[in-house]
Structures are given as structure tokens and as C-alpha cells.
Amino acid sequence: MAAPISVLDLFTIGIGPSSSHTVGPMRAGCRFVHGLAESGLLVRVCRIEAHLYGSLALTGKGHGTDKAVLLGLEGEMPETVDVDSVPARIERIRQERTLRVPGRGEISFDEATDLVFHRMESLPAHPNGMRFIAKDASGDEVLARTFYSVGGGFLVDDDTATGNMETGTAALPFGFRSGDELLAQAAASGLSLSEMTLRYECRWRPEVETRARLLAVWHAMQACVQRGCRCDGTLPGGLKVRRRAPALFAELSAGAEAALRDPLTALDWVSLWAMAVNEENAAGGRVVTAPTNGAAGIIPAVLHYFVRLRGGVDEDRIVRFLLTAGAIGILYKLNASISGAEVGCQGEVGVACSMAAAALCEALGGTVPQVENAAEIGMEHNLGLTCDPIGGLVQVPCIERNAMGAVKAINAARLALRGDGRHHVSLDKVIRTMRQTGADMSTKYKETSRGGLAVNVVEC
């Protein structure tokens, strides 16, 4: 049974371009060197090897996994690393062929031989596997650890991957593990989904801290949108994709009168906000994993829509929006997957769309059954969505796909609000279907860049 998950585990502030391929590997590298220090073994280490497998190997270069591993082994974490210093630090590591490990100083690291991409091999527990090996001056192994980056920046090791995990959420206040339990607890308590989730979060921290940290998440989302609307230029990588958000922002800002004649201009703003975030993510900037980096633009875009265009400006409503979204994300994390390498993009953009639809539905006054319906609609029409990034870069089709996911989330919420919450396909059934569809999906469509658009579009 899976370990309890906090909403704040899903909303983490990190860097782009990928939660599973950048955030997770950086955390793994950092955890490995800290483990060496805590066990007293670090003093013996003269060299470290990092081995990447499966999807991490196949699309790791485009997703910045190599750079993330190097920074993690130097003790950096995605929440706190100085993104502006990254290019110079990576260049220094490569030129000097050394890592500056906290508590140990410089040790040998030749990227050509010590960072190995095993493109034809996967580890057993998950497609995103990695193994770190520390060696002494004689070349003997000091310590080796295996990690899996299972989506959204979450890490498991060999013990947790094989089922040695703590008990689940059933004994927690409002620790529902399914949509049916969610509905039953709401009916019994008379509480909204956000209210139940806020009480659930008290397991980890006082309510005032949960609110403060969720508002910090919102502020980070706002800052990301602002940077994305301001920073022009070309995204890194071989595709030479030009950032479109600044020009679109200027056009929309100048067209106030024209907007009065076009009732769908609001959707143009939603698309802008989503693309601004994902262009910033593709550039390696500071983003909020929501629930992944590849889908990081959807929830901020829909929340901006709620705040800017629907009057949801007070902090309590913003907190409740994020609590509702997080509760739905937890159900997907517990019962299916949020990893594109495991179930395709339905587990990233599909889940984010479902989360945003539910959150907007509650924010606009929906009942708990309507909220559950909105979440179900948001996923039902993303089933089978593949993860096929061109060139292994989180750019095409990922950036526009976030814009489409945000618009779809708004429509899902509106459809649910027009109904009474009764519907044929439950949220539990659609989550189960998503998991089964992901299992049936060919591996080439799951973040390997070996199928779909990735092979049918010639790279520039």
C-alpha cells in the first residue's frame, strides 16, 4: 500500500524542463552524496559513477538529466539551486572533470566514462531508473544505490519499489483513497473537497503553515507566468523553437477593444498563461511541478483564469483551489501514475487537466459530486494521450499541449457545473482505465522519442 502523500508533495518548486528527468535525478544525486556523508563513507570516495536506464537514457539529454545529475552530486536541490549559475557550473565540471562534493571537496568525474546512458536497458521497477556507484582510490566499490524517478519529482529506491512501504491513508482524517470514498466522506461530513483536504493536511503541519506554503506555490506560479511573458528568444536544444508567449502577451494587451468583439479572447489569455509557464520550463527556469513539469502550465493557467477573469482574488479561495487540485492529483498518484515514461502523457497533461477541472469546479461553487464529475471529464478526454517529445525536448508538442489541456479543463468544469453530479463513468473508473491504457500502450509512445511525432517530424 502506498505511503501517504501530501498536496505539497505534488506542488513543489523546482526547475525545468522535467520533473521525472530533471527534478527527480537531481534529488537522487543529492540524496546519494548525503547518504555517503551520513554513513561516514564519504571520506573514502575518490570517484562517482552515474548510470541512467530506460527513458532516462533515451531522452535524458533533451530533458537535462545529465546536468541534473551533476548538480545533484554537488549537493544541489531543485528547490534551491541558482538557475542562473547552472550553465557556468556545468561547464566548469566538464572542463575540470571534477565534482565539488559537499563535505569532501573535489573528486574525479569524467562525464565521458562516469555518466553512462544505458539506452537499450531498463531496470525492473520503473522505466526511469538510475544507479549511483561510489568508488575508492583503488577502484573498489564503497557504496551503490538504485533510485527510480516515478513522476512529479517523486523518488523511490529498491526497497520502496518492491513494496516495502509504510501504510496508506485509510487511517488518516479524510484520507480517502478513491473517488467513491471521497464522495462518501463528503456526504457524511457535509464538507467540501478542499475542506476535507485541509483537515487531511494537518497530519503533516498546522493549518496556517499549509496555507502559507500553498500561497508560496501560487506566488511562484505567478512569477513563472510573468517571466514567461517577458523573456523572448529561442529555447535551448536543436529544434530552435522560438518563445511565443511575449509576442502573444503584447498582442493581447494591446487589443482590449478587439476583445470586446470576441467572446473567446479569454481562452487566448488562458493559452498564453499555459504557454508562458511551459516555455519557461523548457528553458530550465523556475517552475512549480503541478503535478509534473511537462504539465506545469495547466493548473497555473486555470488558476490565473479564476483569479483574473472570474474574480477569485482572495487568498482563501486560491488556497482552496490548490487543495482541491491536489486531492485529485493524490488519487491519480495512489491508483495509477503521473509518469509519462510509465503511462504516456495522459499521466501528465491528462492528470493536470483533471486536477484543474475539479479545482475550478469547486471554486465556481460546484458541489462535491460535480467536482468529481469535472475531474472525470478532464481525464476521460485525455485517455490514450502519448508522450512523444521531438528530439527528447519538452517543447513540441508539450508547450501547446498545456494550452489545450488548460482550455479543456475549463470546459470540463463548465460541463460539470451544468449537471447535477450524476454521470455514467465514475472518476475511479476513468483512473483505472487510464492505468490500464498506459499498461497497454507501446513503450515507444512513453517518453522514449521512438514513436509518434518524435519520429515523424524531422529535427531541425
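Tutor: Helices here are DSSP runs of H or I with at least four residues, strands are runs of E with at least two, and both are numbered from the N terminus. The model is a predicted one.

Student: What makes the place of Arg97 a loop between two named elements?

Tutor: Arg97 comes between helix α6, which covers 86–96, and strand β3, which covers 98–101.

Student: What is noted about the phi of Arg97?

Tutor: Phi of Arg97 is near 55°, which is positive, and the residue is not glycine. Most residues other than glycine have a negative phi.

Student: Where is Ser449, and what is its phi?

Tutor: Ser449 is in the loop between α21 (427–440) and α22 (453–456). Its phi is near 60°, again a positive value in a residue other than glycine.

Student: Why is Ala212 called partly exposed?

Tutor: Ala212 belongs to helix α11 and has a relative accessibility of 45%. Exposed requires over 50% and buried requires under 20%, so Ala212 counts as partly exposed. The C-alpha atoms of Ala212 and Glu315 are separated by 9.8 Å, although the two residues are 103 apart along the chain.

Student: How do you know how α11 and α15 are oriented, roughly parallel or roughly perpendicular?

Tutor: Two packed helices are described by the angle between their axes and the distance between the axes. The axes of α11 (residues 207–230) and α15 (residues 298–309) come within 10 Å and cross at roughly 95°. Angles of 65 to 115 degrees count as roughly perpendicular, and α11 and α15 therefore fall in that class.

Student: Which residues meet there?

Tutor: From α11 there are Trp218, Met221, Gln222 and Val225, and from α15 there are Ile299, Pro300, Leu303, His304 and Val307. By class, the contact has seven nonpolar, two polar and no charged residues.

Student: Why are α11 and α14 put in their class of orientation?

Tutor: Their angle is about 85°, with the axes 8 Å apart. That angle is inside the 65 to 115 degree range, so α11 and α14 are roughly perpendicular to each other. Cys224, Val225, Arg227, Gly228 and Cys229 in α11 meet Leu272, Trp273, Ala276, Val277 and Glu280 in α14. This contact divides into seven nonpolar, one polar and two charged residues.

Student: What else is Arg227 in contact with, leaving aside its neighbours within four places in sequence?

Tutor: Arg227 is in contact with Arg243, Glu280 and Arg286. Arg227 and Arg286 are 59 residues apart in sequence, and their C-alpha atoms are 9.4 Å apart.

Student: Which residues touch the most other members of the largest nonpolar core?

Tutor: They are Phe11, Met221, Ile299, Phe321, Leu322, Ile328 and Tyr332, in a core of 105 residues. A second, separate core has 35 residues, including Leu42, Leu71, Val142 and Phe147.

Student: What are the contacts of Ile299, leaving aside its neighbours within four places in sequence?

Tutor: Ile299 is in contact with Phe11, Met221, Ala290, Phe321, Leu322, Ala325, Ala352, Met355 and Ala356.

Student: Which peptide bond at Ala290 is cis?

Tutor: The bond that joins Ala290 and Pro291 is cis, with omega about -5°. Pro291 is in the loop between β9 (286–289) and α15. Val396 and Pro397 are also joined by a cis bond, with omega about 10°. Pro397 is in the loop between α19 (368–380) and α20 (398–417). Most peptide bonds are trans.

Student: What makes helix α2 mostly covered?

Tutor: In α2 (residues 19–38), 16 of the 20 residues are buried. At its start, a side-chain oxygen of Ser18 comes within 3.4 Å of the backbone nitrogen of Ser20. The cut-off for a polar contact is 3.5 Å between N or O atoms, so the pair meets that distance limit. Just after α2, Gly40 has a positive phi of about 75°.

Terms used: Residues numbered from 1 in each chain as written. Predicted model: local features only at pLDDT ≥ 70, side-chain atom pairs only at ≥ 80, totals over all residues. Heavy atoms only, no water. Buried < 20%, exposed > 50% of the residue type's maximum accessible area, 1.4 Å probe, protein only. Polar contact = N/O pair within 3.5 Å; in protein donor to acceptor, adjacent residues only side chain to side chain. Core = buried A, V, L, I, M, F, W, Y, C linked by side-chain atoms within 4.5 Å. Contact = heavy atoms within 4.5 Å. Axes fitted to C-alpha atoms, helices over the stretch in contact; angles between N-to-C directions. Parallel < 35°, antiparallel > 145°, perpendicular 65-115°, else oblique. Nonpolar A, V, L, I, M, F, W, Y, C, P; charged D, E, K, R; others polar.
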